[in-house]
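Please keep the sequence and the model open while reading.

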Amino acid sequence: MIGYIYYILDLTNADMYIGSCWKHIWSDRKSAHKTCKDYNRKAYEIIKNNNYIFEVLEENDFIDKEERFKKEQYYIDNNKCINTKNAFGLNIENVNKLRMKYYYEDKKKYSDRTKKYYDENKEKLKNYQKEYKLNNNNFLKRRVCCIKCKKEFQYINLKKHNNIYH
Ligand SMILES: [Zn+2]
């Protein structure tokens with residue numbers, strides 16, 4: 001669908017607002033910005049100074065809204081503008097939270113992959129674990145001799161031995 005990335009530039013103070021919308025609602029969007037303060041306070045702040053440029057920055061055929069938002073966000077990130085919300089309508093301070101959400105989703109994807117690997121290699125991994133346990137057990141249960149009192153005990157009891165006798 002054909003969409004616009006647009007900007008509103010305040011010629012009195014060089015403040016810039018960046019937005020995006022579909023081509024077929026362009027005139028509605030324009031008049032909404034011009035007449036309605038609630039529509040977007042930041043855009044209205046520019047318009048009320050009554051000395052501005054309101055122009056299309058880019059026209060493109062976007063697959064969906066999300067692709068359009070991504071392009072809008074690209075312009076927001078690369079221009080000094082007064083937007084308090086990012087392209088996805090979130091407050092800028094909430095964007096970091098969103099990044100964390102994506103991070104956790106990626107992490108979940110990652111753990112799903114780990115689970116898949118585990119399911120496919122169950123037997124092999126079980127044997128690894130068994131072997132590790134056995135080796136570790138042998139290590140912990142091996143007999144050692146105390147340097148100080150020459151008593152013999154299992155390695156696993158070394159700490160206890162030192163606490164009691166030394
Ligand atoms: Zn000892």
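**Metal site and charged pairs**

At 6% relative accessibility, Cys146 counts as buried (buried means under 20% relative accessible area, exposed over 50%, partly exposed in between, with a 1.4 Å probe and protein chains only). This is a predicted model, in which local features need pLDDT of at least 70 and side-chain atom pairs count only at pLDDT 80 or more, while totals for chains, interfaces and linings use all residues. Residues are numbered from 1 along each chain as its sequence is written, and side-chain values use heavy atoms, with hydrogens and water left out.

**Zinc site**

- Cys146 (SG), Cys149 (SG), His161 (NE2) and His166 (NE2) coordinate the zinc ion at 2.0 to 2.3 Å; donors are N, O and S atoms within 2.8 Å of the metal (3.2 Å for Na, K and Ca), and water is not among the atoms, so sites may look incomplete.
- The site of the zinc ion is tetrahedral, with angles of 97 to 123° among its four donor atoms (four donors count as tetrahedral if all angles lie between 85 and 135 degrees).
- The spacing of the donor residues in sequence is C-x2-C-x11-H-x4-H.
- Cys146 is in the loop between strand 4 (143-145) and strand 5 (152-154) and His166 is in the segment after helix 6 (158-165), so this pair ties together parts 20 residues apart in sequence; helices (H or I, at least four residues) and strands (E, at least two) are DSSP runs, numbered from the N terminus.
- His166 is partly exposed, at a relative accessible area of 40%.

**Salt bridges**

- The whole structure holds five salt bridges, each a side-chain nitrogen of Lys or Arg within 4 Å of a carboxyl oxygen of Asp or Glu.
- Lys23 pairs with Glu59, with the closest N and O atoms 3.8 Å apart. This pair links the loop between strand 2 (16-22) and helix 1 (26-35) with strand 3 (residues 52-61), 36 residues apart.
- Lys23 is partly exposed at 40% relative accessibility, and Glu59 is partly exposed at 44%.
- Glu58 and Lys71 form a salt bridge at 3.0 Å, N to O. Glu58 in strand 3 and Lys71 in helix 3 are 13 residues apart.
- Glu58 is buried at 12% relative accessibility, whereas Lys71 is partly exposed at 26%.
- Arg143 and Glu152 form a salt bridge at 3.3 Å, N to O; Arg143 is exposed at 54%, and Glu152 is exposed at 54%.
- A network of salt bridges links Arg41, Lys42 and Glu45.

**Asn83**

- Asn83 sits in the loop between helix 3 (65-77) and helix 4 (92-120), and is buried at 10% relative accessibility.
- A polar atom of the Asn83 side chain lies 2.7 Å from the backbone oxygen of Ile18.

Technical notes: A polar contact is a pair of N or O atoms within 3.5 Å; within protein, one must be able to donate a hydrogen and the other to accept it, and residues adjacent in sequence count only if both atoms are side-chain atoms. Four donors count as tetrahedral if all angles lie between 85 and 135 degrees; four count as square planar and six as octahedral if opposite donors are over 155 degrees apart and all others between 65 and 115; anything else is irregular.
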